[in-house]
Amino acid sequence: MSDRKASRVYTARGPAEGEDWAAVAAALNERMSLRRVGQQQLAELSGVSVSTVRLLQHGAGRRVQNRTLVSIARALEWPDDHLIQVLLAPGPADEAEMVEPGGREILTVLTRVEGHLSEILTRLTAIEDVLSRPGGPAAP
């Protein structure tokens with residue numbers, strides 16, 4: 001009976017002990033904001049319904065298949081198992097871990113920095129294009 005229960009963990013998702021749906025919601029909302037992707041667009045990119053995206057953004061209130069998490073991760077350009085790893089990641093064991101940033105927090109900050117750098121690069125490329133056009137502003 002316990003074997004059946006264990007295999008279910010890897011085929012379907014829903015509220016269960018040790019799973020952090022709030023962390024999934026936080027990661028999803030952060031990435032959607034960073035990428036400027038709305039619920040409708042994410043639903044279209046991932047092939048998941050808007051209502052499922054909405055549920056995940058609020059911490060999931062019903063069973064969600066692993067393939068749904070994989071589809072959303074792919075649509076947000078994460079590794080396939082990213083949201084599953086976030087879901088199953090153990091919380092801080094003690095106060096010391098809560099004070100020092102962990103891998104997930106560092107990854108979140110690095111992802112945010114990566115997004116900002118990408119935006120800066122896009123703007124810089126546009127400026128270079130304007131400056132390099134014949135008759136464009138002269139270089140000092």
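1. Read along the sequence, the elements of the protein come in the order α-β-α-α-α-β-α-α-α-α. That gives eight helices and two strands. The model is a predicted one, and the points below should be read on that basis.

2. Overall burial and contact range. The protein has 140 residues, of which 28% count as buried. Taking contacts between residues at least 6 apart in sequence, 63% join residues at least 24 apart.

3. The nonpolar core. In soluble globular proteins, nonpolar side chains tend to be buried together. Here the largest nonpolar core has 25 residues. W21, L42, L56, L69 and I72 are the members with the most contacts inside this core. Two or more residues come from each of helix 2, helix 3, helix 4, helix 5 and helix 6 (82-88). The most is given by helix 2, which supplies six residues.

4. Helix 4. This helix spans residues 50-57, and its buried residues are T52, V53, L56 and Q57. Seen down the axis of helix 4, these buried residues fall within an arc of 140°, so they line one face of the helix. They pack against helix 2 (21-35), helix 3 (39-46), strand 2 (64-65) and helix 5 (66-75). One of them, L56, is also among the residues with the most contacts inside the largest nonpolar core.

5. T68. This residue lies in helix 5. Is T68 buried or exposed? Its relative accessibility is 14%, and the cut-off for buried is under 20%, so T68 counts as buried. With neighbours within four places in sequence set aside, T68 is in contact with V48 and T52. T52 is one of the buried residues of helix 4, and helix 5 is among the elements that those residues pack against.

6. Helix 2 and helix 8. Two packed helices are described by the angle between their axes and the distance between the axes. For helix 2 and helix 8 (residues 103-132), the axes come within 10 Å and cross at roughly 10°. Angles under 35 degrees count as roughly parallel, so helix 2 is roughly parallel to helix 8. On the helix 2 side the residues are A23, E30, R31 and L34, and they meet R104, T108, T111, R112 and G115 in helix 8. By class, this contact has two nonpolar, three polar and four charged residues.

Conventions: Residues are numbered from 1 along each chain as its sequence is written. This is a predicted model: local features need pLDDT of at least 70, side-chain atom pairs count only at pLDDT 80 or more; totals for chains, interfaces and linings use all residues. Side-chain values use heavy atoms; hydrogens and water are left out. Buried means under 20% relative accessible area, exposed over 50%, partly exposed in between (1.4 Å probe, protein chains only). Helices (H or I, at least four residues) and strands (E, at least two) are DSSP runs, numbered from the N terminus. The arc is that of the directions from the helix axis to the C-beta atoms. Contact means heavy atoms within 4.5 Å. Axes are lines fitted to C-alpha atoms, for helices over the stretch in contact, and angles run from 0 to 180 degrees between N-to-C directions. Angles under 35 degrees count as roughly parallel, over 145 as roughly antiparallel, 65 to 115 as roughly perpendicular and the rest as oblique. Ala, Val, Leu, Ile, Met, Phe, Trp, Tyr, Cys and Pro count as nonpolar, Asp, Glu, Lys and Arg as charged, and the others, Gly among them, as polar. A nonpolar core is a set of buried Ala, Val, Leu, Ile, Met, Phe, Trp, Tyr and Cys residues joined through side-chain atoms within 4.5 Å.
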